[in-house]
Amino acid sequence: MTIDDTAFERYRNSPNARTTLPRLLLGTLIVVLFWGATTAAVLFGGSHVYFAWQAAASPYGMEGFLASPIGILSALTSFGGIWIGLWIAMRWVHGEPLSALLGTGRRVSRPDFLKGLIAVLITSALSEILLYLLEPGIARGTISLSSWLLFAIPIVALVLLQTSSEEVLFRGYLLRGLANRFRNPFIWGLLPGLLFTSLHWSGGSSAAINACVLVSIAAFALLLTLVVYATGNLGAALGVHLGNNLTGFLLISHQESYNSFALFTAKPLEGPGWMMSDAILIALIGIACSLLTIVLLLHPRSPLRVTAEVTDGAGAA
């Protein structure tokens with residue numbers, strides 16, 4: 001299974017002369033500042049609403065707010081700051097349209113988006129089966145079916161906001177900019193992947209569980225990078241990331257702090273009782289499912305194989 005890098009070469013060579021390393025660092029700083037400012041503003045407003053609606057003072061304080069439906073909606077909304085920062089950085093620092101980050105055709109490949117979404121839903125189902133065999137405890141979530149149906153569309157929209165902002169930042173802005181300046185994939189592929197992975201560290205989890213989660217996220221980041229490398233477009237990566245996160249937010253949650261909208265809840269990863277052997281098996285499941293997703297999207301005989309973007313952004317290689 002080999003990958004033709006023609007489409008990626010066009011993508012990495014698409015930035016203009018203003019995509020220098022200092023400007024890339026400046027643009028990243030702008031994104032971080034706007035992301036931080038938006039997060040602070042949204043969480044301040046959301047917490048004010050949350051505590052105003054409480055009949056009595058919550059014994060859990062801010063932790064209770066962040067795990068509440070209002071807290072989750074606020075946290076997802078805060079990712080809009082990344083989009084704002086990227087728009088400013090692309091327009092005023094690099095002199096390019098924001099759409100240039102999506103691919104050489106400056107638009108998302110819809111067929112690849114759909115293929116990525118389907119592929120990860122398949123492998124997510126397999127992952128849940130394997131995790132159930134490891135830890136059979138699955139319970140019905142606290143949300144009613146009517147409320148779940150009511151919030152499904154807003155959650156899908158906000159999760160799309162979250163996942164797309166991360167993809168455009170890590171697999172678009174940083175990967176494209178670094179690949180334009182450096183030929184070594186350990187720079188343009190590894191650095192954005194490490195930054196993306198590090199954001200998933202959880203202070204409430206044990207060292208073993210944190211390690212297994214970070215290993216799984218690193219494998220997931222490799223998958224996302226490979227599909228961008230194969231297509232020269234963010235479409236497949238956007239679909240994969242969206243499907244993965246929707247599974248956790250709406251279907252089966254493994255995180256106690258993000259399970260308010262999930263139909264079912266499993267044993268939380270940040271909870272006690274996990275052994276080292278469990279952490280190793282969880283990491284292996286994550287790696288195996290990411291590898292299977294890679295096969296589904298890149299194997300020549302797969303019906304879900306993604307296609308490389310041609311010059312006009314509409315064809316396949």
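A residue is called buried when its relative accessible area is under 20%, exposed when over 50%, and partly exposed in between, using a 1.4 Å probe and protein chains only. What you have here is a predicted model, where local features need pLDDT of at least 70, side-chain atom pairs count only at pLDDT 80 or more, and totals for chains, interfaces and linings use all residues. Residues are numbered from 1 along each chain as its sequence is written, and side-chain values use heavy atoms, with hydrogens and water left out.

Start with Cys-289, which counts as buried because its relative accessibility is 7%. Cys-212 is buried too, at 3%. A disulfide here is a pair of cysteine sulfur atoms within 2.5 Å, and a search of the whole structure turns up zero of them.

Now for the packing. A nonpolar core is a set of buried Ala, Val, Leu, Ile, Met, Phe, Trp, Tyr and Cys residues joined through side-chain atoms within 4.5 Å. The largest one has 57 residues, and those with the most contacts inside it are Leu-86, Leu-169, Tyr-173, Ile-209 and Leu-297. Helix 10 gives the most to this core, with twelve residues; helices are DSSP runs of H or I, at least four residues long, and strands are runs of E, at least two, numbered from the N terminus. Apart from this core lies another, of 13 residues, among them Val-159, Leu-246, Phe-261 and Leu-263.

Next, look at Ser-253, in strand 2 (residues 252-253). Is Ser-253 buried or exposed? It is buried, because its relative accessible area is 2%. A polar atom of the Ser-253 side chain sits 3.0 Å from the backbone oxygen of Gln-255. Leaving aside neighbours within four places in sequence, Ser-253 is in contact (heavy atoms within 4.5 Å) with residues including Gly-248, Tyr-258, Phe-264 and Ala-266.

Finish at Ser-206, in the loop between helix 9 (190-198) and helix 10. Ser-206 counts as partly exposed because its relative accessibility is 38%. A polar atom of the Ser-206 side chain lies 3.3 Å from the backbone nitrogen of Ile-209, one of the core residues with the most contacts.

How values were computed: A polar contact is a pair of N or O atoms within 3.5 Å; within protein, one must be able to donate a hydrogen and the other to accept it, and residues adjacent in sequence count only if both atoms are side-chain atoms.
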